[in-house]
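Reader: I would like to learn how to read the features of this model. Please take me through them briskly.

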Amino acid sequence: MLKLNHLTGFGSGAGAAAGGDVTSYVFDGANSYLSIADHADLDFPNGGDFTIEFFVRLPSGSPAGDIVFYEQFQDSTNYIRMVMASSGAMDFQVYQSSSVVIDVLSSAAIFSDNTWHHFAICRDGNDWFMYVDGTDVTSSGSPDSDTPAAQSGDLLIGVKGDISGDLIGHLDEYRISDTCRYPSGTPFTPTTTQFTSDANTLLLIHGGEAIASGATGSG
């Protein structure tokens, strides 16, 4: 089951000294995941540029398979998926009509075990950037002028659409925006406070708080 941790603190800030026991969502790997109902706000082609970002803390040891941080699964031949492979590299892939349309990769082993990291993927025109703790770690797949097609599937966080690839670890402050918040590969310092909603925010989930309308925790 998806567990909610209601202790005081924010995972990326001072509370991180407490390890995993900070305000965050805890995924236990036993089919725990977040599911957000399909919505027009998730149709990235409408806005062009976008940002998906979150704070993550993973335990020691390489995962046996892919760890899923974002998935819109329409069917086995049409989906948008962002995973961390067992190599430690992040992969953002758009699969349409059985063909890979977009495939953006980070360098391998971008996260340290038992440490809070900020991760972001941005589209800035035809350029794609992956950041860890404000540093560009994009290794391939950029630039790319292709635009992801709208998917009819719900948004899943922590599990693939075929209910595999379960996440073990902590997530906090998950935000999707219809703008590139970190353009041009320029280094930046991630916030150490909660994100706030603005005109470009499409989805914002604060760890350890009630889930916004339309989102459910499942197990």
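Author: Start with burial. Buried means under 20% relative accessible area, exposed over 50%, and partly exposed in between (1.4 Å probe, protein chains only). Strands (E, at least two residues) and helices (H or I, at least four) are DSSP runs, numbered from the N terminus. Now the case: in S14, nine of the ten residues are buried, so the strand is mostly covered.

Reader: What ground rules apply?

Author: This is a predicted model, where local features need pLDDT of at least 70, side-chain atom pairs count only at pLDDT 80 or more, and totals for chains, interfaces and linings use all residues. Residues are numbered from 1 along each chain as its sequence is written, and side-chain values use heavy atoms, with hydrogens and water left out.

Reader: How many helices and strands does the protein chain have?

Author: The protein chain has zero helices and 16 strands. Of its 219 residues, 50% are buried.

Reader: Which strands does S14 pair with?

Author: Two strands pair if DSSP finds at least two bridges between them. S2 (residues 24–28) runs antiparallel to S14, with four bridges. Here Tyr25 stands opposite Leu171. S4 is also antiparallel to S14, joined by six bridges. In that pairing Glu53 faces Arg175. S15 is joined to S14 by four bridges, again antiparallel. There Leu204 is the bridge partner of Arg175.

Reader: How do I describe an aromatic pair?

Author: A pair of aromatic rings is described by the distance of the centres and the angle of the planes. Rings of Phe, Tyr and Trp (its six-membered ring) pair if their centres lie within 6.5 Å; planes under 30 degrees apart count as stacked, over 60 as edge-to-face and the rest as tilted. That rule gives 14 aromatic pairs. In one of them, Phe55 and Phe195 have ring centres 6.0 Å apart and planes at 35 degrees, so the pair is tilted. Phe55 lies in S4 (residues 50–57) and Phe195 in the loop between S14 (168–177) and S15 (201–205), so the pair ties together parts 140 residues apart in sequence. Phe55 is buried at 3% relative accessible area. Phe195 is buried too, at 6%.

Reader: What kind of pair do Phe111 and Phe119 form?

Author: Their ring centres are 6.1 Å apart and the planes stand at 75 degrees, so the pair is edge-to-face. Phe111 and Phe119 are both buried. Ring pairs also link them with Phe54, Phe69 and Tyr174 into a cluster.

Reader: Where do charges sit over rings?

Author: A charge sits over a ring if NZ of Lys or CZ of Arg is within 6 Å of the ring centre and within 35 degrees of the ring normal. Arg175 lies over the face of Phe195, 4.0 Å from the ring centre. The charged end of Arg81 sits over the ring of Tyr79, also 4.0 Å from its centre.

Reader: Is Lys160 buried or exposed?

Author: Lys160 counts as buried, at 13% relative accessibility. Lys160 is in the loop between S13 (155–157) and S14. A polar contact is a pair of N or O atoms within 3.5 Å; within protein, one must be able to donate a hydrogen and the other to accept it, and residues adjacent in sequence count only if both atoms are side-chain atoms. The side chains of Lys160 and Asp66 make one, at 3.2 Å. Contact in general means heavy atoms within 4.5 Å. Not counting residues up to four places away in sequence, Lys160 touches Asp66, Val68, Glu71 and Arg81.

Reader: What does Thr51 contact?

Author: Thr51 is in S4 and is buried, with a relative accessible area of 0%. A polar atom of the Thr51 side chain lies 2.7 Å from the backbone oxygen of Thr179. Leaving aside neighbours within four places in sequence, the contacts of Thr51 include Ala120, Cys122, Arg175 and Tyr182.
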